[in-house]
Amino acid sequence: MSTLLEGPTSTDSAYRLELRDWLVANLSDRYRGLLFRGEPDDDWLTRMREWNVLLAEAGYAAPSWPVEHGGRAIGILEQAAHAEEMAAAEAPGPINALGIPNIAPAIMTYGTPEQQERFLRPLLRGEEIWCQGFSEPDAGSDLASLQCRAERDGDNYVVTGQKVWTTLGQVADYCELLVRTDSSGKRPSDGITCLLVDVGLPGIEIRPLRTITGSAEFNEMFFNEVRVPVEARLGEEHAGWAVAMSTLSNERGGVATLHLRLRARIRGLIDTARELGLTDDPVVRDRLADLWAEGERLRYLADRSLARAAAGLPPGPESSVIKIAWSQLGARIPEVAVDVLGMAGLEGPWGLDLLHGRSLPIAGGTTEVNRNIVGERVLGLPREPRLS
Ligand SMILES: Cc1cc2nc3c(=O)[nH]c(=O)nc-3n(C[C@H](O)[C@H](O)[C@H](O)COP(=O)(O)OP(=O)(O)OC[C@H]3O[C@@H](n4cnc5c(N)ncnc54)[C@H](O)[C@@H]3O)c2cc1C
């Protein structure tokens with residue numbers, strides 16, 4: 001247990017050392033620090049595509065995937081070691097930030113051999129970019145109420161409706177799209193179907209949404225009688241809810257390593273404050289120490305999650321606790337940075353982080369919804385009223 005408290009991945013496994021060497025040899029300044037911040041412009045895309053191919057050819061684009069699909073089938077602790085080394089080296093991940101952890105595993109579980117053969121390799125190599133078309137203007141937290149509909153017409157589904165907040169939609173080649181194919185079910189989650197849609201099909205319009213950061217990070221997608229071939233269906237007709245849940249549940253390893261980039265930013269802020277001679281001020285020291293302690297707390301939470309996974313236990317509610325703590329800390333770091341650094345803080349990346357931080361408690365499950373999960377499943381509080 002003491003090893004776990006020090007960080008279950010702190011050992012120098014062969015995998016970790018091999019990856020470290022590979023990064024030293026391959027991660028040039030052309031790719032270092034190329035994180036997805038805002039709009040995917042041409043330069044970002046070009047460099048990310050190059051880097052993604054290097055990762056894929058070395059087996060590092062999705063090392064947890066099975067070997068037959070281009071992964072290395074590494075276990076959960078090696079996945080954490082992978083994330084630690086990548087974060088420490090400021091190495092970008094693969095371009096398909098949603099495709100690799102979420103969409104591809106759903107294709108592996110529910111896809112036909114033809115779909116797996118067709119889609120997984122180009123997704124892994126970043127040659128085809130995927131987006132996730134789940135949320136709608138009136139269906140976010142309550143995803144099961146989605147209304148984008150698809151009617152069967154011979155060998156096609158005819159899709160009409162709207163999606164929103166679609167990350168990478170403006171550069172995507174394919175979309176994992178949830179549609180309603182039947183409204184007569186008892187529960188809203190009945191009658192949903194999942195389609196793997198070619199974003200170039202006639203009738204699809206993508207409108208980038210500009211946020212307060214000034215960039216268009218995500219998009220609205222409009223479907224106007226789009227004819228999608230039946231063979232693009234992932235899983236059975238009307239059984240898309242299970243596919244959606246499998247897509248969303250694949251974030252566990254990611255949740256457990258969320259603390260890495262935040263702790264690196266906290267360390268960066270402390271270094272900057274020290275260089276500027278600000279750390280002599282006891283109030284500044286107090287605030288920075290508080291941030292640092294929060295970062296360590298998040299790490300221990302993450303280690304508990306990894307320890308459960310390593311012991312073969314099913315995911316516990318700690319994922320919700322981590323998501324809440326991560327988003328709160330992610331929003332607080334730039335607030336403290338701007339307070340401590342003053343106007344200089346607002347001009348640099350901290351200013352952008354301050355604005356971007358608003359989205360963290362929303363993306364991937366809102367803080368309020370995660371609090372409901374913790375309240376009901378951890379604290380045993382009464383369930384909130386449900387319509388279904
Ligand atoms: C950066 C970012 C990237 C995203 N990328 C994608 C993407 O690629 N694909 C995609 O499909 N979606 C994406 N989303 C959308 C995201 O999944 C939704 O924003 C999220 O599910 C919340 O849905 P909503 O925005 O409709 O808010 P709503 O569900 O309408 O919620 C509005 C408010 O009500 C609160 N609320 C809702 N239900 C409850 C409840 N039962 N109890 C208490 N409070 C409640 C919420 O917490 C929130 O504060 C992204 C969002 C962000 C911020």
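Residues are numbered from 1 along each chain as its sequence is written. Because the model is predicted, local features need pLDDT of at least 70 and side-chain atom pairs count only at pLDDT 80 or more, while totals for chains, interfaces and linings use all residues.

**View 1. The whole protein.** Welcome to the overall fold, with 14 helices and eight strands. Helices (H or I, at least four residues) and strands (E, at least two) are DSSP runs, numbered from the N terminus. The C-alpha trace spans about 70 × 50 × 45 Å along its principal axes. For 388 residues, a compact globule would have a radius of gyration near 21 Å, and the protein agrees with its 22 Å; this radius is taken over C-alpha atoms, and the globule rule is 2.2 Å times the number of residues to the power 0.38. Buried residues make up 37% of the 388, where buried means that 20 or more other C-beta atoms, placed from the backbone, lie within 10 Å of the residue's own.

**View 2. Helix H5 and its buried residues.** Here we look at H5, residues 99–110. Its buried residues are Gly99, Ile100, Asn102, Ile103, Ala104, Ala106, Ile107 and Tyr110. They pack against helices H6 (113–125) and H7, and against strands S1 (130–133), S4 (174–180) and S8 (233–234).

**View 3. H5 meets H7.** H5 and H7 (residues 240–248) pack at an angle of about 135°, with axes 8 Å apart; axes are lines fitted to C-alpha atoms over the stretch in contact, and angles run from 0 to 180 degrees between N-to-C directions. That makes the pair oblique, the class left over once angles under 35 degrees count as roughly parallel, over 145 as roughly antiparallel and 65 to 115 as roughly perpendicular. H5 brings Asn102, Ile103, Pro105, Ala106, Thr109 and Tyr110 to the contact, and H7 brings Val243, Ser246, Thr247 and Leu248; contact means C-beta atoms, placed from the backbone, within 7 Å.

**View 4. H9 alongside H10.** H9 (residues 259–275) and H10 (residues 282–310) pack at about 160°, with their axes 10 Å apart. That makes H9 roughly antiparallel to H10. Among the residues in contact are Leu262, Ile266 and Leu269 of H9, and Leu288, Leu291 and Trp292 of H10.

Technical notes:
A residue is buried if 20 or more other C-beta atoms lie within 10 Å of its own, exposed if 12 or fewer, and partly exposed in between; C-beta atoms are placed from the backbone. Two residues are in contact if their C-beta atoms, placed from the backbone, lie within 7 Å.
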